[in-house]
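This report describes selected features of one structure, beginning with a single loop residue and moving on to a helix, an aromatic cluster, backbone angles, domains and a ligand shell.

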Amino acid sequence: MIKRRRTRKIKVGDVIIGGSAPISIQSMSKVKTSDISACVAEIKALEAAGCEIIRVAVKSHDDARAIGRIKRRIRIPVVADIHFDYMLALAAIKSGADKIRLNPGNMRKKGEIEEVVRAAKKAKIPIRIGLNSGSISTDMVKAALDYIKLFEEIDFRDIIVSLKASDVTSTVEAYREISKRCDYPLHLGVTAAGPCDSGVVKSAIGIGSLLLDGIGDTVRVSLTADPVEEVIAAKRILSSLGLRRFAPEIISCPTCGRCQVNLTEIVKKLERKLSTMDHGQSTKHQLSIAMMGCEVNGPGEAREADIGIAFGKGSGILFKKGKIIKKVTVKNAVKELLKNL
Ligand code: SF4
């Protein structure tokens, strides 16, 4: 069991970040926010994949104004991503943003920051202090703490913090340090992690190391890919650590010369079927399913899982809670297993 760091509870629309709330999954829209139809279509696909909070880039007043119209057509809270221009933050708040992200690397005028903080306080929405190593030359932890101090001076504590670098070590070190210095919830991510495959590995190591330490309240995997891939990766990271479950866990062997069935295809088919299960907290999501290629480790693993199949030549033995249920053909294996789930 991972013991999570105690953090404040912050509300973003209907989603709670911090406290004992489940670690939420975020992504960022990759289209122009002012292109409302494209933005809504992208967000709907993300919602279907399990995204719980969406961030949109606010580069212009048209983008800021679009937030209100986008919100009417989607279900999840919208975060306005602001850089350089504090007036855009004010416009996004007015438009109904559920949270503002400010970057201390490019917004430094005290009076302007205070104005945004006061507007957020009035609108009862939180602000993420979102640092990126690429846009700040000084120490990220110090810059975050300076910003936090400024917010606290005007009695604003609806704060979430992120300190993202594009290398895993600096990211992990920065988060570990800030976690000792404040109790605000932390938004985890490795920035600009890269294309899908390598970016997922980098993010899994960075985000996963922190989560194992009990650090982190919400995650965003940044990939140069379809944002749905970011959500899938985030779900896999959280479920690998047992922090959340979105589908039953598959325990399958890597196969070897002893395997006499096409286990790769069978497991792919099972994975496809399981991915269509509800994202809600179904009790079935807590189950583990073993798919083993032969009788060497097969029956043992299959027995230890809630349900499983150990394959032999052209058929398999279906186990449930340690007991043999029946013999299944390769063709019907997935169907029979799901029937008995
Ligand atoms: Fe090979 Fe059997 Fe082990 Fe799978 S369970 S890796 S087929 S020995």
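T191 lies in the loop between β9 and α7, where helices (H or I, at least four residues) and strands (E, at least two) are DSSP runs numbered from the N terminus. At 15% relative accessibility T191 counts as buried, a class that means under 20% relative accessible area, with exposed meaning over 50% and partly exposed in between (1.4 Å probe, protein chains only). Leaving aside residues up to four places away in sequence, T191 touches N132, K164, A165, S166 and S222, contact being defined as heavy atoms within 4.5 Å.

The model is predicted, so that local features need pLDDT of at least 70 and side-chain atom pairs count only at pLDDT 80 or more, while totals for chains, interfaces and linings use all residues. Residues are numbered from 1 along each chain as its sequence is written, and side-chain values use heavy atoms, with hydrogens and water left out.

**Helix α7**

Helix α7 covers residues 196-212, and at 1.5 Å a residue its 17 residues should span 24 Å, which agrees with the 23 Å between its end C-alpha atoms; the expected span is 1.5 Å times one less than the number of residues. Its buried residues are G199, S203, G206, I207, G208, L210 and L211, and these pack against α6 (168-181), β9 (187-188), β10 (218-220) and α8 (227-240). Just after α7, G214 takes a positive phi of about 85 degrees.

**Aromatic cluster**

How many aromatic pairs does a search of the whole structure find? The search finds two, where rings of Phe, Tyr and Trp (its six-membered ring) pair if their centres lie within 6.5 Å, and planes under 30 degrees apart count as stacked, over 60 as edge-to-face and the rest as tilted.

| Pair | Centre distance | Plane angle | Class |
|---|---|---|---|
| Y147 and F151 | 5.5 Å | 45 degrees | tilted |
| F151 and F156 | 5.9 Å | 75 degrees | edge-to-face |

Y147, F151 and F156 form one aromatic cluster. Y147 and F151 are four residues apart in helix α5 (residues 140-153) and are therefore separated by about one helical turn. An α-helix has 3.6 residues a turn, so residues three or four places apart point the same way. Both Y147 and F151 are buried, F151 having 0% relative accessibility, and F156 is buried as well, with a relative accessible area of 2%.

Most residues other than glycine have a negative phi. D155, although not a glycine, has a positive phi of about 60 degrees; its place is in the loop between α5 and β8 (159-164), and at 49% relative accessibility D155 counts as partly exposed. K321, also a residue other than glycine, has a positive phi near 45 degrees and lies in the loop between β14 (315-320) and β15 (323-329), where K321 is exposed with a relative accessible area of 55%.

**Domains and ligand shell**

The domain assignment, whose bounds come from an automatic or database source, gives domain 1 (9-240) and domain 2 (249-339), and 38 Å separate the centres of domain 1 and domain 2, taken over C-alpha atoms.

The residues around the ligand are C253, P254, T255, C256, C259, G293, C294, V296 and N297, each with a heavy atom within 4 Å of it. This shell divides into six nonpolar, three polar and no charged residues, on a scheme in which Ala, Val, Leu, Ile, Met, Phe, Trp, Tyr, Cys and Pro count as nonpolar, Asp, Glu, Lys and Arg as charged, and the others, Gly among them, as polar.
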